[in-house]
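Trainee: I would like to learn how to read side-chain packing in a model. Please take me through it feature by feature.

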Amino acid sequence: MNENTHTLNSEQERLFLMLRNKKLKHWETFSDPDNIGIWKSVIEKYPETAHFIYELTQNADDAIATVVRIVLYKHKLVFIHNGKRQFSLTDCYCDKSPVGDLNSITSVANSSKKDEEQTIGKFGVGFKSVFQYTDTPSIYDDTFWFKIENYIIPTLLENDHELRNAGETLFELPFKDPEKAYPEILQRLQNLNMPVLFLPHIQKITWCIDGEETIHEYSKEVIQTGERHGIKYEFCRIHEYDKNLLMYLFHRDCNTIKGKYNISVGFYVNPDGSLDIDAKGQIYCFFPTSEHFDSCFVSHAPFLLVDNRDRFKDFEVINQEFLNCIAELAADALLCLKEIGECRNSRLLESEDNEISTTDKNILINDNIFHILNIKSTEYRDTYLKQCYFRKVRDNKLLLNRSKRYVSINDVFSATIDLENLISSSQIAQLCPNNDRDFLYLKQYRSDFKEVEAELKIKPFDNEYLAKHISNSFMANQPLEWAHRLLTYIEDKARVLWRSDEPRTISDTWYKFPVDSWNKLKFRFASIAKTQDGEWISPYYLYKKNANVCLPYSGFKDVETDAFGKVLDKEIFEKHESLFRGMGIKEPDMADYLEKTLLVRYKKNDIPTEEILLKDFEYIYKLVYANANQRIKDIIKKEWKLKQLDESRFALCNLSEMYIPTTDFLNYAKGDTSFKFVDCDFYTKGTDLSYSEVKHFLELYLNVSSKPQIREITIIAEKLYRRIVYDYSYENFPKYIVDFLEKQYLAVTKFPFFKDYQLDGYDINNCSKDWSHALWRFVCENGIGTKKNGELEYCLYREWSYHVRGFESSYYHNLKNDKWIVRADGSFCNPNEITIDEFHQLGYEKKDTVEQHLTFLNEIQAEKIKKDKEEKEEQDKISREKLYKPKIRNYHPIHD
């Protein structure tokens, strides 16, 4: 045990006794039940558990201590520091003299630091937090040994503390509830938040648990110091309980309305030497507060805080001044960090633990500059910080280009990662010969950069810029392998600049395409098409709006293509076919060849020889299979003529008017000369094609039908009326339509129209068994549903709205009402006169989707008709019997 004895002189003993007596009197007032709540409000106002450790540490720093030792026992805590300033004692009844430390610690809100703005806090108020865990704290220094009872009453102790060395101050806190106090204080000691980082004097805090050899440490080791741009900086190693942190600290004085104060910002450094931009931007007032910037740097200033030191005091001008000064310092520190990183290069700080890797250049500012603060933050506190940040980045060379050189905003392009991988720095120089720009270095924080790109107004190197600057001389200097990469990129990543969603055929010349939209298709006018002659040209002329190149010809040898212009290089086309076809680039125009050369002979009156007819058929057959685009098909259908199936004469007919002959079709069209059939046997016998190949070619590729079509008849009502009255029989149209037009036509305007559906070649007068079955098969193939109803649209005078009146189409009306079904006895009937089962028994195909639209006679109706017939026959029989039965007179016998 330390056997030192008190060395108080008589004056110190007198002042101590006066203070004790005064506090005894005060306690009589404070101990009153009405006032006891004052102590609870003072002691329990700290939101954190074991906050008193920060309070004791701050007072140790005010005492100019450099080292703090803490020992945690199961039942108490001992706090020791080597502060040069010992406890002082003043006359408690004299208001003029400075308040002594012993006076303050036994008072409430009576600090000994009223005139020391740069010190940390109020000794009296902060110290009261120890009473959350103890009732009688003891304090020892070289002069005074005393304990405090009832919060404010000092009592001298007989002996010094056994753990205190000369020149040290010791606090002993016996726990009033060890089971609660010990785990809470242990957790706090393990999780102190950089308690020495911004303290001006304390460099180390060590703590241990009684009985354990492990000593834990919180310390700040200054490795390097310097000054740049009027800012002092330190590179520190911070020991945090079980981990080591590295940090650059920047300090500068700032002028406020209350004078000059020192402020600081700190940037964490990762073990590999890069800035830790994921750190939380907490704000310190010597110790951590709940305030923060939305950034990655910590900051410190002597803010005015509320009593529990958790947050700023509201509406204090000096606090806003401190925040603004921190924002300016943080922005200026970016320039310092850049220069420090440049100076480090491969010269790294020596460390036994090798905290910093030696494998990189270790520059501090790279693309992480876009993540140092949250650009999206809408907090008022971050507004000025963002202004300072943007101003600093715009006015200085803080942006790293791809060559790892710091440049200004005017010396970099922003680009997507795909463009960066595609375009090299030397190629940028070729594309922009009068510009010394390069791509901005963006590796890890590309998403953050998008938020600041518009604010910084960095010029984008986008697809439009690339398309505008690609020239034939540039492409001629590039290796072919790179050209393939460029075209692949354009095809995959820049579709909007070469492919339009406007519906079109590949032969369009774009004369109807909107000018603005056309001009946006930049890659159509860039020199990205290599010809067979090795020249790089643009796929389209900008102002003529037609193709400048055509695809390699894949047609037949007997067609010359010299007149079709420049042809795309075969290798380029094979690897990027979809790109050039998507632009509308086409092969040499076979449609023109057909229309102007091959099919001209069919426009003349002279019939070509059979040899020419067969040769043309084979040629067109192969051509359609090789180049089956719609324009070629349309020209063929319009201009080509085929041999007609006609035994009486050799005749040709336009393909658009012809049909493919089938057994059913021939039965249906028997006697009807309006149908013209292709003589398929002629082309089968004269070529190597089979009948099925000819039929398949005509039907599938040229849309030649093998069955009669259901035509949509659309006639303006006025013309319809005239045709009905003067030309047509009423039987061709529904009767009520005719009545409507005859009776009310004067009330109908000239613009309404009539739409009807009719089956080609339908004539009930041709009805036979074969005709009937062929008709039904065609109906099953064509269906009824969508062609069931026609429409009459009309508008009456003095009305603005149109009326639409539906009616049964001629197609449906005829199937429903005409007697086209042939019974077994050869008689005819309509669907209303026969059951569906009888219909199927006659050999007609079963088709539910069609039959449901026709009102066949059901079994109940058939049975009822049969029963009614039988009843009628029975009634007729009875009537005849009554008519011819003789009358018999009744005789009555007479009795005597």
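Mentor: First, the ground rules. This is a predicted model, where local features need pLDDT of at least 70, side-chain atom pairs count only at pLDDT 80 or more, and totals for chains, interfaces and linings use all residues. Residues are numbered from 1 along each chain as its sequence is written, and side-chain values use heavy atoms, with hydrogens and water left out.

Trainee: How many aromatic pairs does a search of the whole structure find?

Mentor: Rings of Phe, Tyr and Trp (its six-membered ring) pair if their centres lie within 6.5 Å; planes under 30 degrees apart count as stacked, over 60 as edge-to-face and the rest as tilted. The search finds 51 such pairs. Phe87 and Phe146 are edge-to-face because their planes are at 80°, with the ring centres 5.9 Å apart. This pair links distant parts of the chain, 59 residues apart: Phe87 is in the loop between β2 (76-81) and α4 (101-105), and Phe146 is in strand β4 (residues 145-149). Helices (H or I, at least four residues) and strands (E, at least two) are DSSP runs, numbered from the N terminus.

Trainee: Are Phe87 and Phe146 buried or exposed?

Mentor: Buried means under 20% relative accessible area, exposed over 50%, partly exposed in between (1.4 Å probe, protein chains only). Both Phe87 and Phe146 are buried. Ring pairs also place these two in a cluster, whose members include Phe16, Trp27 and Tyr151.

Trainee: Which charged end sits over the ring of Phe413?

Mentor: A charge sits over a ring if NZ of Lys or CZ of Arg is within 6 Å of the ring centre and within 35 degrees of the ring normal. For Phe413 that is Arg437, 5.2 Å from the ring centre. Lys338 lies likewise over the face of Tyr406, at 5.4 Å from the centre of that ring.

Trainee: What should helix α1 span?

Mentor: The expected span of a helix is 1.5 Å times one less than its number of residues. Helix α1 (residues 10-30) has 21 residues and so should span 30 Å, which agrees with the 30 Å between its end C-alpha atoms. Among the buried residues of α1 are Phe16 and Trp27, both of them members of the ring cluster.

Trainee: Which residue has a positive phi of about 40° although it is not a glycine?

Mentor: That residue is Met194, in the loop between α6 (178-190) and β7 (204-209). Met194 counts as buried because its relative accessibility is 1%. Phe286, also not a glycine, has a positive phi of about 70°.
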